[in-house]
Amino acid sequence: MYSIARLGHRISKKSCSFYVTSRTLCIRDCNVDNADKGFGSIEHFLNESWKSSIFEVEEEDKYEFWGNRSDHRGNFPARQDFIEQAKSDAKKILEILHEDGPGVDVKPLLSELGVTVSGLLVRDVLLGVLKMISYTNKNRCAKLGYKFFVWSDEQEKFRHTLNAYHIMMEIFAECEELKAMWRLFDEMTERGYPIAARTFNILICTCGAAGLGRKIVERFIKSKNFKCRPYKHSFNAILRSLVTQNHFELIEWVYDQMLAEGHSPDILTYNILMFAKIRLGKLDHFHGLLDEMGRNGFSPDMHTYNLLLHVLGKVDKPIAALKLLSHMKELGTHPSVLHFTTLIDGLSRAGNLEASQYFFDEMIKQGAVPDVVCYTVMITGYVVARQIDKAQEIFDEMIRNGRLPNVYTYNSMIRGLCMVRKFREAQLMLEDMETRGCNPNFLVYTTLVGYLRGAGKLAEAHGVIRRMLEKGRHLHLLHKIKTYRRG
């Protein structure tokens, strides 16, 4: 076994820089029936924090938004004017698109505007269409977005950027127009555009759940037009996309294909694969990969240590975790808030709240300031242990220290208050949440409604549903909350 001490002496003083697309492509409602002993409500949130720490943002084709107007790049005043004009023109175009309907052809109206079509303008308009999409207007938004996409492509001396194709594909994906999305992808490749990691990300996010993940991966592996920068090879780009979309079993298969084709893993590959093993519950495989990584001459980086700390937390090894944190500090890698949060989460899941509180206090002593994720992990741990007074204490401390709770924090608190039958306080917590500008997600409503129904407080449960409807939230999920009862 690759011991903690040995790991400490092999740590790289330079942290590796990895990249991830900045926009989350899959926005799904939490599964109310899949809570992991009460930790399920923060599972997605914590996973995203881990992945964001491992994969930094890649700015896609920084200059392509200017289209052919490269003369503005070095002239700041002219560039600002260009940006403001593009925003103004995009607003006008969106207003015209809203007028589209039977008997109205918006293309002549768009041409009459006399706007200068650029990559920036196209991006702003398509993003505007993307933001408009709701459960009731998907078909209309897909048509409006594509109508503008075609019109702008017909303008003289203009050629769509790769980014424009990606946003249009996202519009089709959000509108569930999968055939149209694939046709656009085929058009993009036929016109010679490079296939980027973001392209793969959109396709795997949209079609992976339909059982098409492996076919998509095979197509990209074979593609000679797959632009995989800044990754060492296309396999790393694919692995990165798969981990952001939680396709952990597919990650194992891709790794096997990578080795079969003679490619060698690097530190990014190992970090992704070890993360997948953790999520799949294969801790023996995790340790095997750690040993293999050392034999191949790779030093653990700060992200590898983050994974290690979570494993040590989950198997309830606080002493080993303390030694690992000490080694990190000795070698100049000071543990961050995320490192402590990862460890605390693991210990909380193991039921060791005493150790969780110790590391939380130790983190503050070392000068680190807990963020919303860390506070939420602590609160959730106490809620699961039914120590609601302690959870409330942490929540109040969070507010005093100027950290605004998020939807996951509130859901944990509402759940905890309901567990001890403090239903009035739970409803007041929902009101407080809305007052602070934090919009409840569907899980918050189902948590509160489920507990109220379970306690026989049907009128109050119906009142919460009525309030949700009055605010126009989650209307397409109404049938689920009407039939949902806690087990």
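The accessible surface of the protein chain in this predicted model is about 22,600 Å² (Shrake-Rupley method, 1.4 Å probe), and carbon and sulfur atoms account for 49% of that. Of its 487 residues, 53% are buried, meaning under 20% relative accessible area with a 1.4 Å probe and protein chains only.

Now for the fold. The chain has 25 helices and four strands, taken as DSSP runs (H or I of at least four residues for helices, E of at least two for strands) and numbered from the N terminus. Take contacts, that is, heavy atoms within 4.5 Å, between residues at least 6 apart in sequence: 70% of them join residues at least 24 apart.

Two helix pairs are worth a look. Axes here are lines fitted to C-alpha atoms over the stretch in contact, with angles from 0 to 180 degrees between N-to-C directions.

| Helix pair | Angle | Axis separation |
|---|---|---|
| H13 (residues 267-279) and H15 (residues 302-314) | about 20° | 10 Å |
| H5 (residues 119-132) and H6 (residues 138-153) | roughly 170° | within 9 Å |

H13 and H15 are therefore roughly parallel (angle under 35 degrees). Their contact has six nonpolar, four polar and no charged residues, including Met274 and Phe275 of H13 and His303 and Leu307 of H15.

H5 and H6 are therefore roughly antiparallel (angle over 145 degrees). Among the residues that meet are Val122 and Leu126 in H5, and Phe148 and Phe149 in H6.

Local features need pLDDT of at least 70 and side-chain atom pairs count only at pLDDT 80 or more, while totals for chains, interfaces and linings use all residues.

Terms used. Residues are numbered from 1 along each chain as its sequence is written. Side-chain values use heavy atoms; hydrogens and water are left out. Buried means under 20% relative accessible area, exposed over 50%, partly exposed in between (1.4 Å probe, protein chains only). Angles under 35 degrees count as roughly parallel, over 145 as roughly antiparallel, 65 to 115 as roughly perpendicular and the rest as oblique. Ala, Val, Leu, Ile, Met, Phe, Trp, Tyr, Cys and Pro count as nonpolar, Asp, Glu, Lys and Arg as charged, and the others, Gly among them, as polar.
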